[in-house]
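Hi everyone, thanks for coming. Please have a look at the picture first.

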Amino acid sequence: MDRLTPLWRTRFLALARNVGAWSKDPSTKVGAVIVRPDRTVVAVGYNGFPRGTFDREDYLADRPEKIRRTVHAELNAILTAREPLQGCTLFVTPLHPCAGCAGAIIQSGIKRVVAELAKPAHASWLCDFDSARRMFDESDVEVELVTPELVTPEGK
């Protein structure tokens with residue numbers, strides 16, 4: 001994909017935020033959008049429990065249980081895609097992909113990740129994010145880290 005203009009980056013991150021709002025997770029609403037090189041959307045995903053399982057309040061309130069059950073937004077988008085993803089870009093907010101999602105991103109053929117770092121990462125995830133960054137570096141997946149102040153409504 002050619003370099004996206006700030007306006008396109010803003011649009012896709014806004015879409016990822018919108019999709020992330022669909023999550024029932026009370027603490028972190030993660031959204032992901034996979035985009036083809038021609039700037040059309042392949043798939044979207046948000047963090048949540050697998051289809052057919054219960055989004056019970058007690059599961060959502062129990063952090064260890066919630067973490068065990070949650071399918072991450074990035075993986076949900078990859079699993080929802082109905083076509084090869086070679087050369088696509090993944091937009092994700094508000095956190096950097098974890099190591100598990102990084103592996104799925106790399107295996108799927110996605111070549112670029114734009115991650116909006118809009119929420120401080122829980123301390124328990126920092127090692128995981130470092131591992132993901134190293135995996136992306138080793139596999140030549142380009143990563144662009146964006147802070148919310150760099151994403152403007154006008155895309156300027």
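So, how close do the axes of helix 4 and helix 5 come, and at what angle do they cross? They come within 9 Å and cross at roughly 30°. Axes here are lines fitted to C-alpha atoms, for helices over the stretch in contact, with angles from 0 to 180 degrees between N-to-C directions. Helices are DSSP runs (H or I, at least four residues), as are strands (E, at least two), numbered from the N terminus. That angle makes helix 4 roughly parallel to helix 5, a label for angles under 35 degrees.

Before going on: this is a predicted model, where local features need pLDDT of at least 70, side-chain atom pairs count only at pLDDT 80 or more, and totals for chains, interfaces and linings use all residues. Residues are numbered from 1 along each chain as its sequence is written, and side-chain values use heavy atoms, leaving out hydrogens and water.

Who touches whom? Glu74, Leu75 and Ile78 of helix 4 meet Cys101, Ala104, Ile105 and Ser108 of helix 5, contact meaning heavy atoms within 4.5 Å.

Now for the next pair. The axes of helix 5 (residues 99-108) and helix 6 (residues 126-138) come within 8 Å, crossing at roughly 20°. That makes helix 5 roughly parallel to helix 6. On the helix 5 side, the residues are Ala99, Ala102, Gly103, Ile105 and Ile106; they meet Asp128, Ser131, Ala132, Met135 and Phe136 in helix 6.

Finally, look at Leu85. Leaving aside neighbours within four places in sequence, Leu85 is in contact with Ile34, Val42, Ile78, Ser108, Gly109 and Ile110.

Note on methods: Parallel < 35°, antiparallel > 145°, perpendicular 65-115°, else oblique.
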